[in-house]
Amino acid sequence: MAEGLSPSARRVAARLRELGFAAEVRELPETTRTAAEAARAVGCAVGQIAKSLVFRAGGSDRPILVIASGANRVDEGRLGALTGGPIGKADAAFVREQTGFAIGGVPPVGHRTPLDTFIDADLLGYDEVWAAAGTPFAVFRLAGRDLPALTGGRVVRIT
Ligand code: 5CA
């Protein structure tokens with residue numbers, strides 16, 4: 001029930017409803033902080049975890065969101081080619097500042113400001129994927145093919 005959720009998870013649930021996605025946000029007793037932990041907690045393959053990774057366009061403060069399969073590693077060279085410049089790492093403070101969420105709970109939607117978003121094409125092959133819902137204990141389920149409509153992101157091969 002939404003009433004039992006922590007404030008950050010509730011924010012994500014509200015945003016999903018606003019966007020017309022009836023996804024249920026679940027807060028679990030086990031940590032879902034990393035893709036491997038989330039997969040274990042929900043009982044799915046690690047590839048079905050949609051991790052929301054924040055990068056920083058080099059030389060600027062422009063945040064970039066990559067929604068990647070938990071099985072994949074984002075190729076920063078490819079990402080840089082797509083964004084038109086080198087990619088820098090985002091530290092924990094930058095992630096929180098730009099998204100309003102802490103690392104380990106960053107969701108694919110509901111950020112403080114809209115982020116330029118790229119979606120790992122591999123995720124579209126899964127009927128069921130799980131994404132973070134605002135805290136390191138909260139997730140929601142959706143069909144991989146719904147990620148573009150949900151996030152406005154561009155589907156790319158980036159790993
Ligand atoms: N809740 C799960 C998925 S449901 C989750 O958020 N997984 S994640 O992979 O998207 O989040 C962990 C990611 O945060 C790591 O892959 C890494 O990119 C990033 N991260 C972890 N520690 C740091 C750190 N100290 N500084 C910057 N980024 C970090």
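1. Let's start with Ser 52, which lies in strand 2. Keep in mind as you read that this is a predicted model. Ser 52 has a relative accessibility of 11%, so it counts as buried; the cut-off for that label is under 20%. Setting aside neighbours within four places in sequence, Ser 52 touches Leu 65, Val 66 and Ile 67, and also Val 106, Pro 107 and Pro 108.

2. Is Gln 48 buried or exposed? At 16% relative accessibility, Gln 48 counts as buried. Beyond its neighbours within four places in sequence, Gln 48 is in contact with Tyr 126, Glu 128, Val 129 and Trp 130. With Glu 128 there is a polar contact to look at: the side chain of Gln 48 reaches the backbone oxygen of Glu 128 at 2.9 Å. For a sense of distance, Gln 48 and Arg 78 sit 30 residues apart in sequence and 22 Å apart in space, C-alpha to C-alpha.

3. What does its side chain reach? A polar atom of the Thr 99 side chain lies 2.7 Å from the backbone oxygen of Val 95, and one lies 2.9 Å from the backbone nitrogen of Phe 101. Leaving out neighbours within four places in sequence, the contacts of Thr 99 are Val 54, Val 106, Gly 110, His 111, Arg 112 and Leu 115. Val 106 turns up here and also in the contact list of Ser 52.

4. Now helix 1, residues 7-18. With 12 residues at 1.5 Å each, helix 1 should span 16 Å, and its end C-alpha atoms are 16 Å apart, which agrees. Which residues of helix 1 are buried? They are Ala 9, Val 12, Ala 13 and Leu 16. Looking down the axis of helix 1, these buried residues fall within an arc of 100 degrees, so they line one face of the helix. As a reminder, an α-helix has 3.6 residues a turn, so residues three or four places apart point the same way.

5. What does that buried face meet? The buried residues of helix 1 pack against strand 1 (25-27), strand 7 (138-142) and helix 5 (147-151). On the face turned away from the buried side, helix 1 carries the exposed residues Pro 7, Arg 17 and Glu 18. After the helix comes Gly 20, with a positive phi near 85 degrees.

6. Helix 3 (residues 76-83) buries Leu 79, Gly 80 and Thr 83. Seen down the axis of helix 3, they fall within an arc of 100 degrees, so they line one face. Their packing partners are strands: strand 2, strand 3 (63-69), strand 4 (87-89) and strand 5 (116-120). At the start of helix 3, a side-chain oxygen of Asp 75 comes to within 2.8 Å of the backbone nitrogen of Gly 77. Following helix 3 is Gly 84, whose phi is positive, near 85 degrees.

7. Last, the rings. How many aromatic pairs does the structure hold? The count is 0. There is a charge over a ring, though: the charged end of Arg 56 sits over the ring of Phe 94, 4.1 Å from its centre.

Notes
Residues numbered from 1 in each chain as written. Predicted model: local features only at pLDDT ≥ 70, side-chain atom pairs only at ≥ 80, totals over all residues. Heavy atoms only, no water. Phe/Tyr/Trp six-rings, centres within 6.5 Å; stacked < 30°, edge-to-face > 60°. Lys NZ or Arg CZ within 6 Å of the ring centre and 35° of its normal. Helix = DSSP H or I, 4+ residues; strand = E, 2+ residues; numbered from the N terminus. Expected span 1.5 Å × (residues − 1). Buried < 20%, exposed > 50% of the residue type's maximum accessible area, 1.4 Å probe, protein only. Arc of directions from axis to C-beta. Contact = heavy atoms within 4.5 Å. Polar contact = N/O pair within 3.5 Å; in protein donor to acceptor, adjacent residues only side chain to side chain.
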